[in-house]
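This briefing is meant for a reader who is meeting the structure for the first time. Please look over the sequence and the model before reading on.

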Amino acid sequence: MEGNGECDCNFYQRAKPYIAIISLQFGYAGMNIITKVSLNRGMSHYVLVAYRNAFATAVIAPFAVLLERKIRPKMSLMMFLQILVLGLLGPVIDQNFYYAGLKFTSPTFSCAMSNMLPAMTFVIAVICRMEKVDIKKTRCQAKVLGIIVTVAGVMLMTLYKGHVVNLIWSNHINANVPEATSGAYDKDWLKGSILLIFATLAWASFFILQNITMRKYTAPLSLIALVCFIGTLQSTAVTFVMEHKTSVWTIGFDMNLLAAAYAGIVSSSIAYYVQGLVMEKRGPVFVTAFSPLMMIIVAIMGSFILAEKIYIGGILGVVLIVAGLYSVLWGKYKEYKEKEIEESIIPEPMKGINGKNIENNEAINDIEMQKNDVNKIPIPVVSISVPKS
């Protein structure tokens, strides 16, 4: 019974990162659908970002104050600058560009484009020397190949649409949806694709900088609260610059409030915290590796709720992106297993020949040296201490 309990506990510990990240994908999927509905009803994405981060700050700040008051490190100038950049990359650039791209395209397309996040994260991690590339090793070849295939999938999705794919339930749903003008639709689609690429680049940069910052700022709740608070201030300033009508700030008990609250509580505060914890154990590439699940959920929900159309070019692009994604993930998994093997071969204290500890061997050598010294010393001592007759 004890053995079974230990096995269950070990399985749960290994499965926790997977459970956490998969749960986040469901949360992100709901955010995409709700946000798309809100944007279609005319809500400004600048205002939505400001309210989203305000909700996130209000939710996570009390927990940070209560739970981390004893472990919160002192704020240095460099740390404050890093938090400013995190607020700019995540809440301001990433979210505004993503919402703008979502408005011009569709939830499924936006989620599909975000699948290039692991490839972008890996490239930036290599540039920042957080990842090493040895092209002679198979795992590194898989990562590089995955990046190339991912980029090809993104280009295919952006530049080619093809025919509409009719799902089993989509014929009845799409019957009452008016057709958009082809030229304007294609122009908006390209514009949205470019915005989504920039959003994903900012998101990948946010992951890398968050990983670096958490090594020194060891209070994750406080860090996320500060990032969301700084993001609220920055996004509010951006909104005042971009939106000149005060009426855009008006919000009631409607879909706009739900979109802001849901995105702030689930997609910002909870997501940032969980991502940070998982990132500490498995690294930034692992955190970004499960986004295809979100895309599948959004595609099903979008076709029901939004009567979203799915094109053959999008499906082919998604296949390439997912193949590239899991090529990168496979390479990362092999790297993780290699590190586990190295740690098991060289534990602390280090093992020597025949399973004996090096520390014990060194201690034995010291004892032998002391014995030799003892055997040498008595001869002169005895000769000196014995009186003459």
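Predicted model: local features only at pLDDT ≥ 70, side-chain atom pairs only at ≥ 80, totals over all residues.

Does Glu338 count as buried, partly exposed or exposed, and at what relative accessibility? Glu338 counts as partly exposed, because its relative accessibility is 31%, which falls between the limits of under 20% for buried and over 50% for exposed.

**The chain as a whole**
- The chain has 389 residues, of which 44% count as buried, and its secondary structure comes to 15 helices and two strands.
- Its accessible surface comes to about 21,400 Å², and carbon and sulfur atoms account for 67% of that area.
- When contacts between residues at least 6 apart in sequence are considered, 90% of them join residues at least 24 apart.

**Links between helix H6 and helix H13**
- The count of salt bridges comes to two.
- One of them joins the side chains of Glu338 and Arg139, with a distance of 3.0 Å from N to O; Glu338 belongs to helix H13 (residues 312-345) and Arg139 to helix H6, and the two are 199 residues apart.
- While Glu338 is partly exposed, Arg139 counts as buried because its relative accessibility is 12%.
- Glu335 and Lys143 also form a salt bridge, in which the closest N and O atoms are 2.6 Å apart; this pair again links helix H13, where Glu335 lies, with helix H6, where Lys143 lies, across 192 residues, and both residues are buried.
- Thr138, which is found in helix H6, counts as exposed because its relative accessibility is 52%.
- The C-alpha atoms of Thr138 and Gly331 are 7.6 Å apart in space, although 193 residues separate them in sequence.

**A nonpolar patch on the surface**
- Phe97, Val151, Met155, Leu159, Leu190, Ile194, Phe198 and Leu201 form a nonpolar surface patch, and together they have about 740 Å² of accessible area.
- Helix H6 (138-159) and helix H8 (182-216) are the elements that give two or more residues to the patch, and H8 gives the most, with four residues.
- Leu190 lies in helix H8 and counts as partly exposed because its relative accessibility is 40%.

**The crossing of helix H3 and helix H9**
- The axes of helix H3 (residues 77-104) and helix H9 (residues 220-242) come within 8 Å and cross at roughly 65 degrees, and the crossing is right-handed.
- Residues that make the contact include Leu84, Gly87 and Pro91 of H3, together with Leu223, Val227 and Gly231 of H9.

Conventions: Residues numbered from 1 in each chain as written. Heavy atoms only, no water. Patch = residues over 30% accessible without salt bridge, like charges linked within 9 Å, V, L, I, M, F, W, Y side chains within 5 Å. Areas by Shrake-Rupley, 256 points an atom, 1.4 Å probe, with all protein chains shown as cover. Salt bridge = Lys/Arg side-chain N within 4 Å of Asp/Glu carboxyl O. Buried < 20%, exposed > 50% of the residue type's maximum accessible area, 1.4 Å probe, protein only. Contact = heavy atoms within 4.5 Å. Axes fitted to C-alpha atoms, helices over the stretch in contact; angles between N-to-C directions. Left-handed = near helix turned anticlockwise from the far one by under 90°.
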